[in-house]
Every structure is written in structure tokens, then in C-alpha cells.
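Please open the model in your viewer and keep the sequence panel beside it. The stops below say what to select next and what is to be found there.

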Amino acid sequence: MFFLIALVAAVLAWFVGRGLFARTGLPTPAILYADVGGTFPQPAPLVSKRYRLSGRPDYLVRVRDGIAPVELKSSRSPSSGRPYDGHLFQLAAYCLLVEDVLGVSVPYGLIKYDDHIIRVEYTPSLRASLITLLDEIETAKRNGECHINHNQSSKCRSCGFRPNCGEGLI
């Protein structure tokens, strides 16, 4: 009886997992890493001491030319067809982390919006822009010059720096 119950549970778990993967639109065998909540074991974050950067991409997917990070967004894609700057640099940071920590080629990354997937080429220019941005952030932190650049209380509500921010909107 126990064997039958275990078998039924395993089959149900397999179907549920298959459905979750299917909804991502990603090729299941190519997924190397997943940080998408309680369905999967929590992977350790990728940590680069060299760039003083850490993070957990939603997925890492094996592609023909290396590994591509995938970032899931619950919002609709921008009407411009270009990712929002914050999303672009978040994905670029995951590309840099994968390149530095795993030592593999990262040809591109994917941002999967609710209605569309945008492929972002990880070019030397994007990489250089990210490193410049990281340097600017470090300088601002050292000089105590970090300021908010928005008027949206919803951003403040979900910000990890809110407890230390003297400029919060909420």
C-alpha cells in the first residue's frame, strides 16, 4: 500500500513540475539552475569577490555557445520592445556573475515578461556599461551619496535598502 501511495505522489509531482517548466517556455533539459520559489531547492547565490556582486538568476540555461541567465518578470513587456534599464542591468549583472563565477561563455540572456521574451546580447559594450555602473554605485556608497531617483512609493515598499534610507516615500 505504501509503495502505491509513493508511486501516485511521484507521478503527481512529475506532472506538476512538468507543467511549471512548460509555463516558463524554456527547454526543460537545458535548465541547469532554478531559483523560482518553493518548487525547487534554493540554490546558493552566485558570488563574485572580484566585482563585489552577488545574485540568484531565476534560471541558468545551457545554450549552444555557453550558459544564458533568464530573468522572469510578472509585468508586461515594454511597448518599445527594449527592456527597462533596471531589468537590462539586472540581467547584465547575472551575465557577469556567470562569466566570472562559473568561468563560462555567456552569449546572451533572456528577460521573460508576462507576454514576451526579450533576448539581450551580452556584448562587450553592455559589459563595460555594467562595470562603469558598478563603479559609480561603489563611489556613491563610499561618499554617502545614494539617492532615490523615482517618485513611486511601490518601489520603496519593496526595496531592500528601505530600512537604511532617509529618503523613502513610505
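Begin at Gly-103, which follows helix 2 and has a positive phi, near 65 degrees; helices here are DSSP runs of H or I with at least four residues, strands are runs of E with at least two, and both are numbered from the N terminus. This is a predicted model, in which local features need pLDDT of at least 70 and side-chain atom pairs count only at pLDDT 80 or more, while totals for chains, interfaces and linings use all residues. Residues are numbered from 1 along each chain as its sequence is written, and side-chain values use heavy atoms, with hydrogens and water left out.

Now select helix 2 itself, residues 85-102. Its 18 residues should span 26 Å at 1.5 Å a residue, and the 25 Å between its end C-alpha atoms agrees with this (the expected span is 1.5 Å times one less than the number of residues). Its buried residues include Leu-88, Leu-91 and Leu-96, where buried means under 20% relative accessible area, exposed over 50% and partly exposed in between, with a 1.4 Å probe and protein chains only.

Within helix 2, pick His-87, which is buried at a relative accessible area of 17%. The side chains of His-87 and Tyr-113 are joined by a polar contact of 2.8 Å (a pair of N or O atoms within 3.5 Å; within protein, one must be able to donate a hydrogen and the other to accept it, and residues adjacent in sequence count only if both atoms are side-chain atoms).

Next, show strand 5, residues 66-72, of which six of the seven residues are buried, so that the strand is largely enclosed by the rest of the structure. With helix 2 and strand 6, strand 5 makes a β-α-β unit that is right-handed: with the strands pointing away from the viewer, the path from the first strand over the helix to the second runs clockwise. Strand 5 and strand 6 (residues 108-112) run parallel and are joined by three bridges, and Glu-71 has Ile-111 as its bridge partner in strand 6.

Finally, colour the largest nonpolar core, which has 24 residues, with Leu-53, Leu-96 and Val-120 touching the most other members; such a core is a set of buried Ala, Val, Leu, Ile, Met, Phe, Trp, Tyr and Cys residues joined through side-chain atoms within 4.5 Å. Helix 2 gives the largest share of this core, nine residues. Apart from this core lies another, of nine residues, including Val-61 and Ala-68.

Conventions. Pairing = 2+ DSSP bridges.
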